[in-house]
Structure formats: C-alpha cells, structure tokens
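Subject: Structure handover

Hello,

Here is the structure I said I would pass on. My notes on what turned up in it follow below.

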Amino acid sequence: MPKIEDSIEVQVPVRQAYNQWTQFEEFPEFMEGIQSVQQLDDTHVHWVAEIRGESREWTTEIIEQQPDKKVAWKTIEGEVKNDGVVTFEQVAGGQTRVNVQMDVEGESTAENVAGDLLDVVKSQVRDDLERFKQLIENRDEETGAWRGEVQEGETK
C-alpha cells in the first residue's frame with residue numbers, strides 16, 4: 001500500500017490545531033475532493049469524495065485518539081482504503097507541527113498502478129495541509145473540540 005508522509009507548521013497552539021482537526025465534518029473546507037464527512041458516532045466517520053471524477057465512499061474507525069497529541073484511523077469498509085495517523089507537536093513560539101502519515105489504496109489495480117495514485121495523493125495531502133494552515137491561522141479560534149480519548153476503538 002502506498003505510504004504518504006508530510007507535515008506543516010501552523011502559527012497556533014497545539015490545543016487550537018488539534019481541536020479544529022477533530023471537527024471532521026468541516027474537512028471539506030480544506031480537503032480537496034472531499035464532498036462530505038459525517039461523524040456517525042465517537043469512533044466512526046463516513047466519507048464521500050470525488051476521485052478522478054467518480055464518487056467514492058468509505059467508512060473509517062478512529063482507533064486511537066489522544067487530545068492534543070494524536071488521531072489514528074483505519075478503514076473498515078468502502079471503495080477506498082485510507083489508514084493513517086495525524087500527530088500534533090508543540091514547536092517554538094506557540095506554533096504546532098501537524099504530521100500526517102497515511103496508507104492509501106484505490107479500489108482497483110488500475111488506480112494503484114505505476115505509483116500514479118501515490119503521486120496524486122501526495123500532492124493532494126500537501127495542498128490540503130496548506131489549506132488547513134490558512135484556515136486555522138485565519139480564525140480567531142477553532143470551531144469546536146472533541147476532547148475524549150479513544151484507545152483500541154473504545155471511547156473514554
């Protein structure tokens with residue numbers, strides 16, 4: 001499965017960056033191609049995206065979530081496999097480094113062939129992180145927060 005890793009520094013404290021990132025239903029505001037995100041419960045999220053002109057749907061399960069530190073997920077059903085983790089690190093001057101690691105696999109061999117999918121997704125992740133940076137830095141405060149913890153798929 002193709003692996004993508006990228007990071008960006010944002011000019012807000014860790015708590016603010018993390019709180020905004022946990023507002024999954026707002027992902028279409030900064031993630032290109034994401035048409036909708038619906039949080040089904042504390043640990044399940046349904047995604048609809050346009051990929052190469054076609055609508056694709058999948059559901060992920062949040063398998064680990066630690067406030068101000070980490071959100072990890074895995075795909076449990078659907079047309080796209082997208083497993084990953086986002087971590088948040090405080091850096092100098094009240095800045096935050098947002099780190100993304102994802103494993104992505106398309107529905108068919110044709111979508112995965114010759115690294116084409118990997119290149120497309122790498123570019124998209126970079127652009128999405130830049131848009132997240134603009135979004136969070138241009139707001140006075142995050143639009144919400146979920147401060148619960150998830151360990152091995154169990155909410156605490």
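Leaving aside residues up to four places away in sequence, T59 touches L40, V45, H46, K74, T75, I76 and E77. Please keep in mind that this is a predicted model. T59 sits in strand β4, which covers residues 54-66. Its relative accessible area is 5%, so T59 is buried, the cut-off being under 20%. One of the residues it touches, H46, also meets it in a polar contact: the side chains of T59 and H46 come to 3.1 Å.

N82 is the other residue I looked at. This residue belongs to strand β6. Is N82 buried or exposed? With a relative accessibility of 11%, N82 counts as buried. Again not counting residues up to four places away in sequence, the residues that N82 touches are W58, T60, W73, K74, T75, M102 and D103. As for V98, 16 residues from N82 along the chain, the C-alpha atoms of the two are separated by 18 Å.

Next, the largest pocket. The space in the largest pocket comes to about 600 Å³. Its lining has 33 residues, and those closest to the centre are I34, W58, N82, M102 and Q124. Two or more lining residues come from each of β3 (44-51), β4, β5 (70-78), β6 (81-91), β7 (95-105) and α3 (116-137). Which element gives the largest share of the lining? That is α3, with 7 residues. By type, the lining residues divide into 23 nonpolar, 5 polar and 5 charged.

Finally, the chain as a whole. Its secondary structure amounts to 3 helices and 9 strands. Read from the N terminus, the order of elements is β-α-β-β-β-β-β-β-α-α-β-β. The C-alpha trace spans about 45 × 30 × 25 Å along its principal axes. The radius of gyration is 15 Å, which agrees with the value near 15 Å that a compact globule of 156 residues would have. Of these 156 residues, 44% count as buried. Among contacts in the chain with a separation of 6 or more, 53% are between residues 24 or more positions apart.

Regards

Methods:
Residues are numbered from 1 along each chain as its sequence is written. This is a predicted model: local features need pLDDT of at least 70, side-chain atom pairs count only at pLDDT 80 or more; totals for chains, interfaces and linings use all residues. Side-chain values use heavy atoms; hydrogens and water are left out. Helices (H or I, at least four residues) and strands (E, at least two) are DSSP runs, numbered from the N terminus. Buried means under 20% relative accessible area, exposed over 50%, partly exposed in between (1.4 Å probe, protein chains only). A polar contact is a pair of N or O atoms within 3.5 Å; within protein, one must be able to donate a hydrogen and the other to accept it, and residues adjacent in sequence count only if both atoms are side-chain atoms. Contact means heavy atoms within 4.5 Å. On a 1 Å grid over the protein atoms alone, a cavity is a set of points where a 1.4 Å probe fits but cannot get out, and a pocket is an open set with protein on both sides within 12 Å along at least five of seven lines; lining residues have an atom within 4 Å of a point. Grid points are joined across faces, edges and corners, and a volume is the space filled by probe spheres set on the points. Ala, Val, Leu, Ile, Met, Phe, Trp, Tyr, Cys and Pro count as nonpolar, Asp, Glu, Lys and Arg as charged, and the others, Gly among them, as polar. The radius of gyration is taken over C-alpha atoms; the globule rule is 2.2 Å times the number of residues to the power 0.38.
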